[in-house]
Amino acid sequence: MTVRLAGAVATVLLCAPTSGFAQTEVRMWTLLSGGDGARMAALVERFNASQREVRVVSTTLKWGEPFYTKLITSSVVGAGPDIATVHLSRMTNLAGGGVLRPIAPQELLEAGLNPADFYPRQWQKSQHAGKTYAVPLDLHPLVLYYNKTLVGKAGLLDETGTLKPIEGIDALTDAFRAVRQATGRPGMTMESNQSSYAVWRLWLTMLAQRNAPLIRNGRFAYGAAGIDSLARISSWYARGYAQSGLNYAASTSQFIGGNAGFMINGVWEVPEMLRATANGTLGFDYGIVPMPRMYANRGVWADSHAFAIPASEGRPMTPHKLRAVMRFIAFVSKNSLGWAEGGHVLAYRPAAESPAALALMPNRLYAGVPRDVVYAPDAWYMGAAGPLEAMASKYLPAALSSQLAPAQALRMFETEAALLLRKRAPRY
């Protein structure tokens, strides 16, 4: 009896998983939805299938303020996820506010990640107070889409069917006018209803191209350049070159439906263009170019997705869990070609500069954009779905619909936002 019992115990012990083979679960929160969400889910699935030691479980939360509010709150109370996707434009807020845990150089090295393998501007944006707080995944700038049928009727294509160079704000305005006059359809479409972010991003692009600072020494400093830039955008709507009041879905549908010559939008709309083309529902050939040089340089607004580790105050991450998290980040960085198929410019140079990535269409049409990107200024109130962007979306779109004069819209924006500029950066 004793022998049989001992044998049974031995059998159980042999069949039981040992600690060396216990699977580590990594909880990830992401704000990625739609095509981006599907691509990230595919990367998670690939990672999980590539090995048995780590399993990533991803949860998608609502994009924007709801996501960041929950991330901040959960990290402060020690209930945050193990990893989160964030925007680099929020680094000052999240890292400076104590929401994120710094990633040490040795931790990067052990995961096989070298800062030199990332594009310098993206890596610089992932830093705060001399420490690394995120690993960049991509870059997603504004670009200019064009309908070759409508733009061609306006005489704006060269003999190869490519958009002729557009240099200067007047030339860009003339292009929108030419499409309107030649086709009777809007020359340009862009999200323009109240609460939209597009005009803010385009306005920041114009300021950057004019070398006009948004904020200096805690005060708005764009001056006449800012008023004139918003007035230029407003004039496209006042002259009938574009339709005001369109929300995001309506503006993209207007272009994809063949009813606008140009569209100002981010590269994140590339998957929809590819899908419509593959399904035969697009109805026209399209092209993409970087945002034109409207003023002194080619600066263009952009943001980046990145992986970060919440600090989760009072519940520090174990070394074992950290290695699992870094293993996943390294895997995605090195296997991110699928992410580029979503239109994004990859931040990890070995992947971005691989033959497969360089051959991607239409990505290669704007492959040179990384050298010209401009992020929102570093401040706790800046960044994706940040409080300053939210305030701007209340007032700047009103100038496009002629509800407010550009100077009046900016004055109202400044009046409300001045309180933010004077407020001390929060430590959560």
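## Strand E13 and its partners

In strand E16, Val374 is the bridge partner of Trp301. Strands E13 and E16 (residues 373-374) run parallel and share two bridges. Pairing here needs at least two DSSP bridges between the strands. Helices (H or I, at least four residues) and strands (E, at least two) are DSSP runs, numbered from the N terminus. This is a predicted model, in which local features need pLDDT of at least 70 and side-chain atom pairs count only at pLDDT 80 or more, while totals for chains, interfaces and linings use all residues. Residues are numbered from 1 along each chain as its sequence is written, and side-chain values use heavy atoms, leaving out hydrogens and water.

Strand E13 (residues 300-303) also pairs with strand E7 (residues 138-147). These two strands are antiparallel and joined by two bridges. Pro141 stands opposite Ala302 of E13. Are the residues on the two faces of E13 buried or exposed? Both faces are covered: Val300 and Ala302 are buried on one side, Trp301 and Asp303 on the other. Buried means under 20% relative accessible area, exposed means over 50%, and partly exposed lies in between (1.4 Å probe, protein chains only).

## Aromatic pairs

A pair of aromatic rings is described by the distance of the centres and the angle of the planes. Rings of Phe, Tyr and Trp (its six-membered ring) pair if their centres lie within 6.5 Å; planes under 30 degrees apart are stacked, over 60 edge-to-face, and the rest tilted. The whole structure holds 18 aromatic pairs. In one of them, the ring centres of Phe47 and Phe328 are 5.2 Å apart. Their planes meet at 75°, so this pair is edge-to-face. Phe47 belongs to helix H2 (residues 34-50) and Phe328 to helix H13 (residues 319-334). The pair links distant parts of the chain, 281 residues apart. Phe47 is buried, at 1% relative accessibility. Phe328 is buried too, at 0%.

Trp200 and Phe413 make another edge-to-face pair, because their planes are at 70°. Their ring centres lie 5.9 Å apart. Here helix H9 (residues 198-209) supplies Trp200, and helix H18 (residues 406-422) supplies Phe413. Trp200 is buried, with 3% relative accessible area. Phe413 is buried, at 0%. Ring pairs also join Trp200 and Phe413 with Trp203, Phe220 and Tyr222 in a cluster.

## Charges over rings

Some rings have a charge over the face. This applies if NZ of Lys or CZ of Arg is within 6 Å of the ring centre and within 35 degrees of the ring normal. Lys70 lies over Trp29, 5.4 Å from the ring centre. Arg90 lies over Tyr68, at 4.2 Å from the ring centre.

## Salt bridges

Side chains of opposite charge can pair when their charged atoms come close. A salt bridge is a side-chain nitrogen of Lys or Arg within 4 Å of a carboxyl oxygen of Asp or Glu. The whole structure has 12 salt bridges. One of them joins Arg327 and Glu53, with the closest N and O atoms 3.3 Å apart. Arg327 sits in helix H13, and Glu53 in the loop between H2 and strand E2 (54-60). The pair links distant parts of the chain, 274 residues apart. Arg327 is partly exposed at 37%, and Glu53 is partly exposed at 38%.

Which helix holds both Arg177 and Asp174? The answer is helix H8 (residues 169-183). They are three residues apart, so about one helical turn separates them. Arg177 is partly exposed at 27%, as is Asp174 at 39%.

Asp228 and Arg210 form a salt bridge of 2.8 Å, N to O. Asp228 lies in helix H10 (residues 223-238) and Arg210 in the loop between H9 and strand E9 (215-216), so the pair ties together parts 18 residues apart in sequence. Shared partners in salt bridges join Glu167, Arg293 and Arg298 into one network.

## A nonpolar patch

Val76, Val77 and Tyr428 form a nonpolar patch on the surface. Together they have about 260 Å² of accessible area, from the Shrake-Rupley method with a 1.4 Å probe; for residues, only the protein chains shown count as cover. Patch residues have over 30% relative accessible area and no salt bridge; like charges are joined within 9 Å, nonpolar side chains (Val, Leu, Ile, Met, Phe, Trp, Tyr) within 5 Å. Val77 lies in the loop between helix H3 (65-76) and strand E3 (83-87). Val77 is exposed, because its relative accessible area is 59%.
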